[in-house]
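This report goes through selected features of the structure shown below. Please keep the sequence and the 3D view at hand while reading.

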Amino acid sequence: MRWWLALAFAGIAALTAIAVAQVFGARSEAAIRERARDLTAGSAVTAALEISNATSVEEIRSMVADLAASRAVSLFVLDAKGSFVTPERSHGFAVRALPNFAELRSTALQGRRTVETIDHGRLVTAALPLRGNNPGALIAVARRPDLEAALGIVQKEIVRAALWAVAISAVVGLVVALLITRRIRRVGAAAARIEQGNFDHPLEPLFPDELGELAVTIDSMRRRLRTSFEELEGERDRLERLLEQLQEGVIAVDRELTVEFANSRAHQLVGSTVARGEQLPDPWPLFSFREAASSMFEPSATAHTMHVRPVSDRTYAITLLPPRAAASTGVVVLTDVSERERRERAEREFVTNAAHELRTPLAAIASAVEVLQGGAKEQPADRDRFLEVVERQTTRLTNLAQALLTLARAQTRAESIRLEPVPLVPMLSEIAENLGDAEISVSVDAHATDSVALAHRELLRQALENLAENALKHASGGRLTFRVVEEDGHVRIDVADEGPGIRATDVERVFDRFYRADGSEVDGFGIGLAIVREAIAGMEGTLSIESRPGTGTTVSIVLRSVTNGRARA
Amino acid sequence: MSTRVLLVDDERDIVAPVSYALEQEGFEVRSAGDGLAALDLARAERYDVVVLDVVLPGLEICRVDTAAARAWLTNRTDRWQRPGAG
């Protein structure tokens, strides 16, 4: 840039110098010629005056020779007839070599004066008439080599001046260019810093000119960009912090499935590292996560959610948000809905079980009432028998309703389940007695005779009754054993039957119904067991089942023990 | 000869009034508390009608039954409430 500018300056200077030289050269040449004519004419007039006063030819000749020598001019004198008085050669110049000699002679003889320049200005000729003593004509010829020399000098000087001008202007141009380019570079460097995202270097204007204005504009642009970037960064920071708080895994990927963002919940849910800048992993054998993610980038893709079970016991809701028209980033939102689905299934099952549990006593009461009205009330023995049915089933309903209410309140957290010390052996004995004709024994290990569990009395009774009734159904009237075992701060209650047991595959299913609680398979073993499970869970206890075909089934409840010093001793 | 009914239910407080009502209507009623006992009775004698709880200890009818049988026999229907009419 600066070299171009220097060259431009030099070029302009050269053109100017040439133009000036042209004008100046022409003018000085004209002036020098004029001067030469004046000198020649002056010499001629001086010679003519002296010749007019001369008295002899000799005098004329010597006078002319002197003048010619002193004035460096060739002088020729002719008489009135036109014949040469002086020699035809004077001061080294032969007059007859003049092309306009005849013209000069006749002009002068006719009494007129003439001054001419011939031979491209190298010769100045003057002719004038002579009067006085020696009438005739005088021709003066001035050869002017000094004129040429003067012209040459002038032209040389002009060339030199032009060269100087070119050189000086080139240097000046360079300096100016350097100054300008330095300022432009300063502004350019500032713009480059902004382009690289560095907004911390202010740009002060040096002079209040156009470049200064540019610097001011760029600096205000820098400040506004910095403000915008700070706002954007703050925005992004807030967004990332918000995303970190989410229960959902959020992953942003580009078209090549390169991860642009992933919160820590996403790492957890995907189960492997989802690192920024790396490819989206494909961690599950049963479901291709990458395939699902890449479907977002199909032209017709719309936001949608799919439920998948990538591993056997977990259900994920995967929401795919395709990129907006101009953007290239798609967002995958992962939600672990296993717990929600489990809860929903458990709730469905619970309602179904509760309804089922209520239906049996209601059916018994309705039947008893119907036969009473149908005539049984007339016979005291039948009447008492069916009234007993009504009473027994009403009590059962009342207990059940109470248990359900307690559970429902606990579940909605309207009322926490208040745990209290419950002596186990008396309660088990009472249940065994109430269950009637079945052969039920209550056995207690040596350390557990006074076992006291931390439990809710009615919920525990309901749970144990349900388990006992269930076991009796399976035991086909066989023996049922309640066993209480103290173990390490906890107390375990086993409800063991000696029935046919449950096949290994079915144990899985029973267990399933306890814990996976699939509502559609509630019938059969599972009646009431959901309530048992809820009750035990509500008392912060655990429930397990163990069964062997031919040996029987044992359901175990483990509750916290209220350690009793006397019992331990 | 009266119609013979086999009544199968594991809830004795349901068996008692239902068998009583059926007997009042003139049926001859035998009852069983679980599936295996019911099978023994059914093998020993012939019955005209079997009223069966679909979910029984020792015999899971629902596993081998058809939908139609379920509709008739399940305790989810209201039919057991009027056994005499059956």
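Predicted model: local features only at pLDDT ≥ 70, side-chain atom pairs only at ≥ 80, totals over all residues.

The crossing of α8(A) past α1(B) is left-handed.

On the α8(A) side, the contact is made by A:T360, A:A363, A:A364, A:S367, A:A368 and A:V371. On the α1(B) side, the residues are B:D13, B:I14, B:P17, B:V18, B:Y20 and B:A21. By class, the residues of this contact comprise nine nonpolar, two polar and one charged.

## Chain B as a whole

Chain B contains four helices and five strands. Along the sequence these elements follow the order β-α-β-α-β-β-β-α-α.

Chain B has 86 residues, of which 41% count as buried. Among contacts in chain B with a separation of 6 or more, 53% come from residues 24 or more positions apart.

## Serine 52 of chain A

A:S52 belongs to helix α1 of chain A, which covers residues 2-53. Is A:S52 buried or exposed? Its relative accessible area is 18%, so A:S52 counts as buried, the cut-off being under 20%.

A polar atom of the A:S52 side chain lies 2.6 Å from the backbone oxygen of A:A48. Once neighbours within four places in sequence are set aside, A:S52 is in contact with A:R131, A:G132, A:N133 and A:N134.

## Positive phi at two non-glycine residues

A:A72 is not a glycine, yet has a positive phi of about 55 degrees. This residue sits in the chain A loop that joins α2 (57-71) to β1 (74-79). With a relative accessible area of 39%, A:A72 is partly exposed.

A:E540, also not a glycine, has a positive phi of about 60 degrees. Where in chain A does A:E540 lie? The residue is in the loop between α13 (529-538) and β17 (542-548). A:E540 has a relative accessible area of 53% and is therefore classed as exposed, for which the value must be over 50%.

Notes. Residues numbered from 1 in each chain as written. Chains lettered and ligands numbered in written order. Heavy atoms only, no water. Left-handed = near helix turned anticlockwise from the far one by under 90°. Contact = heavy atoms within 4.5 Å. Nonpolar A, V, L, I, M, F, W, Y, C, P; charged D, E, K, R; others polar. Buried < 20%, exposed > 50% of the residue type's maximum accessible area, 1.4 Å probe, protein only. Polar contact = N/O pair within 3.5 Å; in protein donor to acceptor, adjacent residues only side chain to side chain.
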